[in-house]
Structures are given as C-alpha cells and as structure tokens.
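Visitor: I would like to learn how to read the features of a protein model. Please take them one at a time.

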Amino acid sequence: DERGRKLWLPDTGEAWVGCEVYDRSTEQLTVKTDRGEFLVIKSLGARGIQITDEDGARKRVHKVFELPQRNPAFLEGLDDLTALSYLHEPGILHNLRLRHRDDEMYTWTGPILIAVNPWKELPLYGEDM
C-alpha cells in the first residue's frame, strides 16, 4: 500500500510541489498536494504523465516518468545537501528554498558552496570587520 508516501509532483508555477499519496488503483494515482489540492495522475507511457484536477477540469502533461520521493522532514533545511536521502532536483530546490526563507545563506553540496541571496545584509560581521 502506497498510501501516505510522500512524493514530488512537477508544477508549472513552482517547478515542484510536495504531495502525499491518497489512493492508488491499477491505472491512476490520487495525491493530495501541500496546497490541499487533490490531483489524479495517469501514466502516458513514453509521453510522461498526465495530471488532472479531481473533477477532471484541468489537464496538463509532464515529461516525467517517475515521481521523486521526498526526503524525511528531519533532513529538511540541512546545510550539506549530501546528507539528504534523495539528492535530486526537487530535493535540492526545496532545501535551498527553506534555507533562503530562514536567512541561511550558505549551503554545501560536498566541496561546492552554494550562496543563495548573497547580497542580503545579514548580521555576520560587527563594526570592526
């Protein structure tokens, strides 16, 4: 049973939106997004997936063949991305979004330093620096 499994869903506005599996049948997956929407996902084989509102009013197709899993909540916002269970595009973007929200400018991914919003004034240095 996949109910409760946390995934990332492609989104035209935010690149990726978090969702949780609500129901699954042999032909489709129903998820509830972090925004509270219920969406139905169907595989289109080599064309990707089709995402439809629960009432079937709005349809969109994405060239994604597998929905990436979300990292456990206790790993969100870490300062080193290599510690994430799932190191993929939505996981990286979400982690950087959280760190930016919390004014944590620097994030590591192994030996690479990522600076998000490096021009924002932060109380890092006193008058003597």
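This is a predicted model: local features need pLDDT of at least 70, side-chain atom pairs count only at pLDDT 80 or more; totals for chains, interfaces and linings use all residues.

Guide: Residues are numbered from 1 along each chain as its sequence is written, and side-chain values use heavy atoms, with hydrogens and water left out.

Visitor: How many helices and strands does the protein chain have, and in what order do they run?

Guide: Elements are DSSP runs numbered from the N terminus: helices are H or I with at least four residues, strands are E with at least two. Here the protein chain has 1 helix and 8 strands. Their order from the N terminus is β-β-β-β-β-β-α-β-β.

Visitor: What does the radius of gyration say about the protein chain?

Guide: The radius of gyration is taken over C-alpha atoms, and the globule rule is 2.2 Å times the number of residues to the power 0.38. For 129 residues a compact globule would come near 14 Å, but the protein chain has 18 Å. Along the principal axes, its C-alpha atoms fill a box of roughly 65 × 25 × 25 Å.

Visitor: What share of the residues is buried, and what makes up the accessible surface?

Guide: A residue is buried under 20% relative accessible area, exposed over 50%, and partly exposed in between (1.4 Å probe, protein chains only). Areas come from the Shrake-Rupley method with a 1.4 Å probe; for residues, only the protein chains shown count as cover. In the protein chain, 34% of the 129 residues are buried. The accessible surface is about 8,500 Å², and 51% of that belongs to carbon and sulfur atoms.

Visitor: Which share of the contacts joins residues at least 24 apart?

Guide: A contact means heavy atoms within 4.5 Å. Taking contacts between residues at least 6 apart in sequence, 26% join residues at least 24 apart.

Visitor: Which sense, parallel or antiparallel, does strand 5 take with strand 4 and with strand 6?

Guide: Two strands pair if DSSP finds at least two bridges between them. Strand 4 (residues 38-43) and strand 5 run antiparallel and are joined by 5 bridges, with lysine 42 opposite glutamine 50. Strand 5 also pairs with strand 6 in the antiparallel sense, over 4 bridges, and there threonine 52 stands opposite lysine 59.

Visitor: Which glycines take a positive phi in the hairpins of strand 5?

Guide: In the hairpin of strand 4 and strand 5, with 5 residues between the strands, glycine 45 has a positive phi near 65°. The hairpin of strand 5 and strand 6 has 5 residues between its strands, and glycine 56 in the turn has a positive phi of about 80°.

Visitor: How many bridges join strand 7 to strand 8?

Guide: Strand 7 (residues 106-109) and strand 8 (residues 112-115) run antiparallel, joined by 4 bridges. Tyrosine 106 stands opposite alanine 115. The two strands form a hairpin with 2 residues between them, and glycine 110 in the turn has a positive phi of about 65°.

Visitor: Where do alanine 15 and aspartate 103, with their positive phi values, lie?

Guide: Most residues other than glycine have a negative phi. Alanine 15 has a positive phi near 75° and is placed in strand 2 (residues 15-24). Its relative accessibility is 36%, so alanine 15 counts as partly exposed. Aspartate 103 has a positive phi near 60° and sits in the loop between helix 1 (89-101) and strand 7. Aspartate 103 is partly exposed, with a relative accessible area of 36%.

Visitor: Which residues does arginine 99 touch?

Guide: Arginine 99 lies in helix 1 and is buried, at 7% relative accessible area. Not counting residues up to four places away in sequence, arginine 99 touches Gly77, Leu78, Asp79, Glu104, Tyr106 and Thr107.

Visitor: Where is tyrosine 86 found?

Guide: Tyrosine 86 is in the loop between strand 6 (59-62) and helix 1, and at 30% relative accessibility tyrosine 86 counts as partly exposed.
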